[in-house]
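Please look at the sequence and the structure below before reading on. The paragraphs that follow lead from one part to the next.

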Amino acid sequence: MIHEPPPFFHRGPSPLARLTFFALLAIATMIADHRFGALEAVRLSLSVLVAPLQQVAGAPAIAFSRLADYFASQDRLMQENRELKAKLLDYAAEAQRSRLLQAEQDHFLAMTPSRSRFATDGVLAEVLAHGRNPFVRKLVLDKGLTQGIKAGMPVIDREGVVGQVTAVGTFTSEVTLLTEKDQSVPVMLTRNGLRAIAVGSGKDGSIDVPFMPVSADIQNGDLFVTSGIDGTYPAGLVVARVTAVEKNTTYVFAKITARPAAGVDNHRFVRILTGQRPPPAPAEARAEEKRPAKDRPAAKGRRQP
Amino acid sequence: MRPADLTPVARDVMKLPAGPGLIFASLVGAYLFNSLPWGGWALLARPDLVLVVLVFWAMHQPGSVGQGLAFALGLAMDVGDSMLLGQHALAYVIATFGAQVLRVRVLSFPILEQTLHVLGLFIGASAVIVLLNLLLGAPLPGAAAALSPALAALAWGPLAWLLYLPVLRRMRRESAT
């Protein structure tokens with residue numbers, strides 16, 4: 001005979017059984033998200049639910065900063081205006097030169113099938129908030145899928161590269177900052193064209209340039225710009241200025257530290273560069289692509305008499 | 001020191017169950033608090049009010065708030081904080097389990113001792129998140145992170161009072177009639 005408790009004692013599985021179930025579920029979720037990136041759809045749909053709450057929570061701060069803007073002193077505005085005018089003149093000369101260069105480049109591009117390395121289109125975006133994850137350096141912008149933003153697009157401010165869009169919601173997107181640990185950008189030294197990779201250090205206001213030999217010609221104050229060879233960042237965007245070069249002959253590599261040129265932590269408006277080349281295919285896909293590509297000239301050759 | 005009252009007070013104090021409206025509103029309020037534009041060390045020290053409210057209801061209303069809701073809220077927090085999905089979920093589920101196990105014991109104490117008990121739960125939840133992030137290769141967060149569970153525990157007393165209020169008022173009204 002089976003002894004069962006009366007129905008009003010039924011409380012479902014025990015707390016420990018529930019803990020086991022939910023803990024395993026949470027761990028499975030983490031693995032699916034981390035290893036396979038399989039939960040972007042879940043994240044997107046949850047973010048649609050959560051977004052209104054976040055907007056409500058962020059509203060007071062935004063309203064306050066707008067109010068502060070409104071009451072900004074005349075003095076400060078005039079000074080800013082003067083500075084901007086001076087900068088505009090600087091840029092006007094640049095722009096005229098670049099128009100000439102652009103014309104020249106277009107001429108060359110017409111002769112070669114490859115596409116432009118330089119940034120063209122962009123969308124202005126407002127910074128809504130700093131990411132609220134203490135372990136990751138991120139910004140949240142007010143442009144998303146509906147404005148055609150895609151993951152991988154570079155983000156700049158008026159001084160240089162800020163970071164890269166890494167997640168896109170319906171109306172918002174997340175930018176991972178240059179200073180985020182292991183966030184890397186292919187760069188080039190403007191003084192001598194030396195190529196390197198700049199890697200975020202995980203600390204505010206500093207990025208590292210690892211794996212440069214001790215003999216590399218890098219000095220304090222050198223300027224790094226994007227080299228454009230990765231297909232993500234267009235060439236020529238200012239990235240960082242070298243602040244410290246430590247050459248110790250007992251090590252194989254020099255220790256090079258640079259400061260991001262963009263105000264990575266303090267800006268309100270940024271520009272998302274949308275005129276982007278498609279990201280390079282993963283290694284296997286490229287290997288498959290190569291084979292028919294090799295065949296193609298041969299096939300052409302056969303067709304030609 | 002007065003002798004501890006060992007009768008499970010949960011049965012008496014919360015004789016009238018809190019309505020689902022109150023539970024929902026308190027959780028939404030706590031989520032709003034967590035979603036304020038925190039930054040820098042304030043973000044590290046942010047007391048996780050969602051966890052506090054969750055543990056409160058898991059203790060006072062075990063029939064309606066349990067580990068399933070903890071898991072869902074954890075996912076919502078992960079999306080809000082743009083973290084790896086499942087981190088907060090795991091921490092919340094473990095804390096809720098602790099609350100379920102310690103429920104009768106904790107509720108037999110006055111607020112001060114309750115605060116110490118839940119401090120342990122909150123430290124455990126923070127430790128889960130920090131450990132997970134260390135596993136993923138993130139650097140150790142600043143010392144301000146240690147403040148977060150302490151602040152959350154400090155919020156326990158005021159929050160318990162605030163969340164009791166509607167229930168107490170209802171009890172008084174019904175005993176008057």
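Predicted model: local features only at pLDDT ≥ 70, side-chain atom pairs only at ≥ 80, totals over all residues.

Which residues of α1(A) are exposed? Leu16(A), Ala17(A), Leu24(A), Ala28(A), Arg35(A) and Phe36(A) are exposed. The buried residues of α1(A) are Pro15(A), Arg18(A), Leu19(A), Phe22(A), Ala26(A), Thr29(A), Met30(A) and Asp33(A). An α-helix has 3.6 residues a turn, so residues three or four places apart point the same way.

What do the buried residues of α1(A) pack against? Their partners are in chain B, namely α5 (67-80) and α6 (87-107). After α1(A) comes Gly37(A), which has a positive phi, near 55 degrees.

The contact between the two chains comes next. Chain B contributes 35 residues to the contact and chain A contributes 36 residues. On the side of chain B that touches chain A, the elements giving two or more residues are α2 (20-35), α3 (40-45), α5 and α6 of chain B. The largest share of that side, eight residues, comes from α6(B). By type, the residues of the side of chain B that touches chain A are 24 nonpolar, ten polar and one charged.

Chain B also holds helix α4, residues 49-60. This helix has twelve residues and reaches 16 Å from its first C-alpha to its last, close to the 16 Å expected at 1.5 Å a residue. Is α4(B) largely enclosed or exposed? Twelve of the twelve residues of α4(B) are buried, so the helix is largely enclosed by the rest of the structure. Among these buried residues are Leu49(B), Phe56(B), Trp57(B) and His60(B).

Strand β6 (residues 184-189) of chain A runs antiparallel to strand β7 (residues 195-200) of chain A, and five bridges join them. Within this pairing, Pro186(A) has Ile197(A) in β7(A) as its bridge partner. The two strands form a hairpin with five residues between them, and Gly193(A) in the turn has a positive phi of about 75 degrees. Strand β6(A) is also joined by three bridges to strand β10 (residues 223-226) of chain A, again in an antiparallel arrangement. There, Leu189(A) stands opposite Phe224(A) in β10(A).

The last topic is the backbone angle phi. Most residues other than glycine have a negative phi. Asp182(A) is not a glycine, yet its phi is positive, about 70 degrees. This residue is placed in the loop between β5 (173-177) and β6 of chain A. Asp182(A) counts as exposed because it has 10 C-beta neighbours inside 10 Å. Phe211(A), also a residue other than glycine, has a positive phi near 60 degrees. Phe211(A) lies in the loop between β8 (207-208) and β9 (212-213) of chain A. With 13 C-beta neighbours inside 10 Å, Phe211(A) counts as partly exposed.

Note on methods:
Residues numbered from 1 in each chain as written. Chains lettered and ligands numbered in written order. Buried ≥ 20, exposed ≤ 12 C-beta atoms within 10 Å, placed from the backbone. Helix = DSSP H or I, 4+ residues; strand = E, 2+ residues; numbered from the N terminus. Contact = placed C-beta atoms within 7 Å. Pairing = 2+ DSSP bridges. Expected span 1.5 Å × (residues − 1). Nonpolar A, V, L, I, M, F, W, Y, C, P; charged D, E, K, R; others polar.
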